[in-house]
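Please open the structure in your viewer and keep the sequence panel beside it.

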Amino acid sequence: MRGKQTLAMLGLVAAAVSPLPAGRALASGGGGEGDAPHLIKMEPVAVPIIDSDRVAGTLSFRLVLEVHDAATAEKLTAAMPNLRMAAIAGGVEFARLDASALRAVNVADLDKTLTAALKIAAPDLQRVLIVEVGASQR
């Protein structure tokens, strides 16, 4: 019985501290199809974590790019190879300086690094959304 109570309490605590789903609020009378953000899904990226001149692990992440309009989304989809190269370069730089296979990934810093790298390749980019991230030992 005690285990069930503890499990139920953990469930309530998890529900209480979990963030609410993010979304855009529209004023009443509000917005049509043109107001919705356009999202571009990127393939997963994996880069090596280097520690003391050896590969210590892998930093993996999955990104979704947010843009304002369909024309920009089309343009960025066509430029996906360049965007992927920018994401890999940003990921390698982050993994070299700030990542370890033995500790949690600082997603806020990774976001800053990837956003800076991708905005150089695509200035029209509104936001970089990190939807999955992890570091593992080799």
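Select Val47 to begin: this residue is buried, with a relative accessible area of 2%, where buried means under 20% relative accessible area, exposed means over 50% and partly exposed lies in between, using a 1.4 Å probe and protein chains only. Val47 sits in strand β2; helices (H or I, at least four residues) and strands (E, at least two) are DSSP runs, numbered from the N terminus. The model you are viewing is predicted, so local features need pLDDT of at least 70 and side-chain atom pairs count only at pLDDT 80 or more, while totals for chains, interfaces and linings use all residues. Residues are numbered from 1 along each chain as its sequence is written, and side-chain values use heavy atoms, with hydrogens and water left out.

Now show what surrounds Val47. Leaving aside neighbours within four places in sequence, Val47 is in contact (heavy atoms within 4.5 Å) with Gly57, Thr58, Leu59, Ile88, Gly91, Val92 and Ala95. Of these, Ala95 is 48 residues from Val47 in sequence, yet their C-alpha atoms are 7.3 Å apart in space.

Next, follow the chain into the loop between β2 and β3, where you will find Ser52 and Asp53. Ser52 has a phi near 55°, a positive value in a residue other than glycine, and Asp53 likewise has a positive phi, near 65°. Are these two residues buried or exposed? Ser52 counts as exposed at 63% relative accessibility, and Asp53 counts as exposed at 78%.

Move on to Thr72 in helix α2, which counts as buried at 13% relative accessibility. Its side chain makes a polar contact with the side chain of Asp69 at 2.5 Å; a polar contact is a pair of N or O atoms within 3.5 Å, in which, within protein, one must be able to donate a hydrogen and the other to accept it, and residues adjacent in sequence count only if both atoms are side-chain atoms.

Where they meet, Leu76, Thr77 and Ala78 in α2 face Met80, Pro81 and Leu83 in α3.

Helix α4, residues 107–121, is the next selection. At its start, a side-chain oxygen of Asn106 reaches to within 3.3 Å of the backbone nitrogen of Ala108. Buried residues in α4 are Leu110, Leu114, Thr115, Ala117 and Leu118, and what covers the buried residues of this helix includes β3, α3 and β4.

Finally, select Leu118 together with Leu59, Leu63, Leu65, Leu83 and Leu125, the residues with the most contacts inside the largest nonpolar core, which has 27 residues. A nonpolar core is a set of buried Ala, Val, Leu, Ile, Met, Phe, Trp, Tyr and Cys residues joined through side-chain atoms within 4.5 Å. β2, β3, α2, α3 and α4 each supply at least two residues of this core, and the largest share, six residues, comes from α3.

How values were computed. Expected span 1.5 Å × (residues − 1).
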